[in-house]
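This report goes through one protein model, from its overall build to a few local details. Please keep the sequence and the model in view while reading.

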Amino acid sequence: MDIVKDGIDDEFRLVLKLSETDPFFEKKQKLLVAMGFDPNILLCAKSSSTPDQLNDFVDALVRRARLVNFNEIELYFGGDVVNLKDCNSPRNEMEALHSILEAIDKSPSAENYATKNIQQCLREEIILRIANVGKKFEEETVIIKDFSCDKEKSLLDWGVEIGVKTKLDIACVEGAGRGAIAKEDLQVGDIAMEIPVSIVISEELLYESEMFPILEKVDGISEETMLLLWSMKEKYNKNSKFKLYFDSLPDDFQTGLSFGINAVMALDGSLLLEEIMQAKEHLRTQYDELFPALSNYNPNIFPPELYTWEKFLWACELWYSNSMKVIFTDGKLRTCLIPIAGFLNHSICPHIMNYGRIDAKTNSLKFPLSRKCGLGEQCFLSYGNLSSSHLLTFYGFLPKGDNPFDVIPLDFDIAQDEESEFGVSACEWSSHMVRGTWLSKNHEIFYYGLPPSLLDHLRRARNPAWRSNDRTQEILESEIDVLGDLSSTFEGMMEALGDEELEERENESWDVKLTMEFKNLQRRIVSSILTSCNAGCDLLQSELLKLAP
């Protein structure tokens with residue numbers, strides 16, 4: 001960001017540069033041009049600007065920042081001018097606003113009162129917009145009063161005694177289990193929790209153990225697997241430094257990896273069935289490669305009673321659902337368990353988004369707030385840009401609200417395509433996918449709430465000479481055929497999912513309930529595709545009638 005004088009009026013200039021190392025640099029560059037932005041031109045706000053003009057300036061900044069901060073899925077689905085006019089996802093909107101806030105905060109000191117005032121006004125407006133995103137996607141916190149959290153409280157007290165700093169308490173939250181609750185009003189930038197490295201469970205503990213010299217000789221075993229085996233034994237170590245942590249963990253994590261036969265059978269017709277079966281098969285193969293061999297040769301270090309398949313699966317669920325990737329001061333990325341931080345639950349619009357790097361000055365892991373969290377409100381963390389199928393399989397829950405990363409992959413042969421009129425060539429994508437069309441802002445003719453690159457691919461599959469969407473009879477009729485092909489695909493998918501089960505669920509087991517909820521989500525997505533295809537065909541028929549003599 002630069003602040004300059006033009007001789008007549010003071011200007012506050014800001015540019016959000018698109019990094020040339022961005023893997024989607026060319027796609028984003030084309031879209032910037034399509035949006036009317038010159039990638040090399042600074043955006044300017046004058047000291048004489050009216051409030052409306054400043055608001056327009058911020059709107060332009062945010063539109064550009066959305067595109068700059070797109071990840072692959074957001075770019076695939078939101079990569080058109082109409083969708084970029086509004087919030088595409090909570091994650092993207094928060095990242096966009098924070099990138100602007102960071103640019104404002106890192107700007108040079110203003111030269112006079114006028115430019116300082118612009119800077120302050122812009123900062124206040126961005127903070128307000130961050131708060132509005134939180135209000136739009138906030139989740140109600142209902143604390144279950146009669147549920148004991150004694151083990152969790154003991155762990156928290158232990159942590160505080162040895163250096164943990166926290167503005168969060170632990171409680172049982174309706175629909176989420178254990179959760180972290182704000183003890184006071186927290187603002188953007190506040191540190192909700194700070195964990196010293198001394199209580200982070202990482203590979204350093206493995207190196208000090210008696211099992212490491214044995215495990216390092218095992219061909220092909222990863223450090224993550226070694227650490228998992230270490231935790232299986234440490235859980236039963238009465239003298240462990242981490243005894244209170246292991247005591248606070250549940251006996252059953254209840255993830256998709258623990259689904260019973262009834263839940264697995266209920267998944268028939270869904271892609272999740274294959275995902276869970278492949279994951280369990282992989283884990284079982286991994287276990288059989290290690291045991292009983294390790295226990296047979298080293299029974300004192302790997303006692304057979306501590307290394308059963310059931311205990312191995314429990315440890316896998318622990319590491320899948322509670323581990324975090326952390327960059328240490330030596331620059332190495334390690335998979336770790338973070339006592340106390342594991343109480344932070346996931347949300348599609350989290351309070352904490354940017355974490356995972358050890359602060360060299362304090363030798364601690366900090367969890368700063370990206371949006372404010374009120375007293376008594378549950379403080380959420382982002383586990384990552386994960387689909388509901390992944391969260392169910394490895395974490396054991398489905399997120400509240402519309403998850404923008406709930407996509408259905410499509411198996412197409414990707415041919416070489418030329419650039420489309422939408423600014424992005426279909427051939428630039430190695431795969432195609434769909435998601436709920438209610439998430440799209442563009443349901444006009446030739447869009448229908450569907451991904452432009454997918455439609456371009458289907459158009460060229462029917463007509464290799466296709467170039468643009470002129471409203472000629474030939475193009476409109478071909479477009480109806482494209483939507484018909486897509487509709488046929490998803491009619492088959494809907495049939496495979498079966499009818500929604502309307503009977504009472506209260507008496508069903510936890511895993512069957514989750515299965516039914518997931519299949520209903522899949523039905524909703526598929527139904528939205530079919531609705532959009534039908535609505536699109538109606539639009540196209542109306543256009544054809546206009547061409548009739």
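## Overall build

How many helices and strands does the protein have? The protein has 18 helices and 15 strands, where helices (H or I, at least four residues) and strands (E, at least two) are DSSP runs numbered from the N terminus. This is a predicted model, in which local features need pLDDT of at least 70 and side-chain atom pairs count only at pLDDT 80 or more, while totals for chains, interfaces and linings use all residues. Residues are numbered from 1 along each chain as its sequence is written, and side-chain values use heavy atoms, with hydrogens and water left out.

The radius of gyration of the protein is 27 Å, which agrees with the value near 24 Å that a compact globule of 549 residues would have; the radius is taken over C-alpha atoms, and the globule rule is 2.2 Å times the number of residues to the power 0.38. Along the principal axes, the C-alpha atoms fill a box of roughly 85 × 65 × 50 Å.

## Burial and contacts

Of the 549 residues in the protein, 52% are buried (buried means under 20% relative accessible area, exposed over 50%, and partly exposed in between, with a 1.4 Å probe and protein chains only). Among contacts (heavy atoms within 4.5 Å) between residues at least 6 apart in sequence, 71% join residues at least 24 apart.

## Cysteines

A search of the whole structure finds zero disulfides, a disulfide being a pair of cysteine sulfur atoms within 2.5 Å. For Cys172, the closest cysteine sulfur is that of Cys149, and because the distance is 5.7 Å, the two are too far apart for a bond. Cys533 is likewise in no disulfide, the nearest cysteine sulfur being that of Cys537 at 6.8 Å. Cys172 counts as buried at 7% relative accessibility, and Cys533 is buried with a relative accessible area of 1%.

## Backbone details in loops

The peptide bond from Phe291 to Pro292 is cis, with omega near 10°, and Pro292 is placed in the loop between α12 (271-290) and α13 (293-297).

Gln254 is not a glycine, yet has a positive phi of about 55°; Gln254 lies in the loop between α10 (243-248) and α11 (261-266) and is partly exposed, with a relative accessible area of 35%. Asn363, not a glycine either, has a positive phi of about 50°; Asn363 is found in the loop between β11 (358-359) and β12 (364-368) and is partly exposed, with a relative accessible area of 42%.
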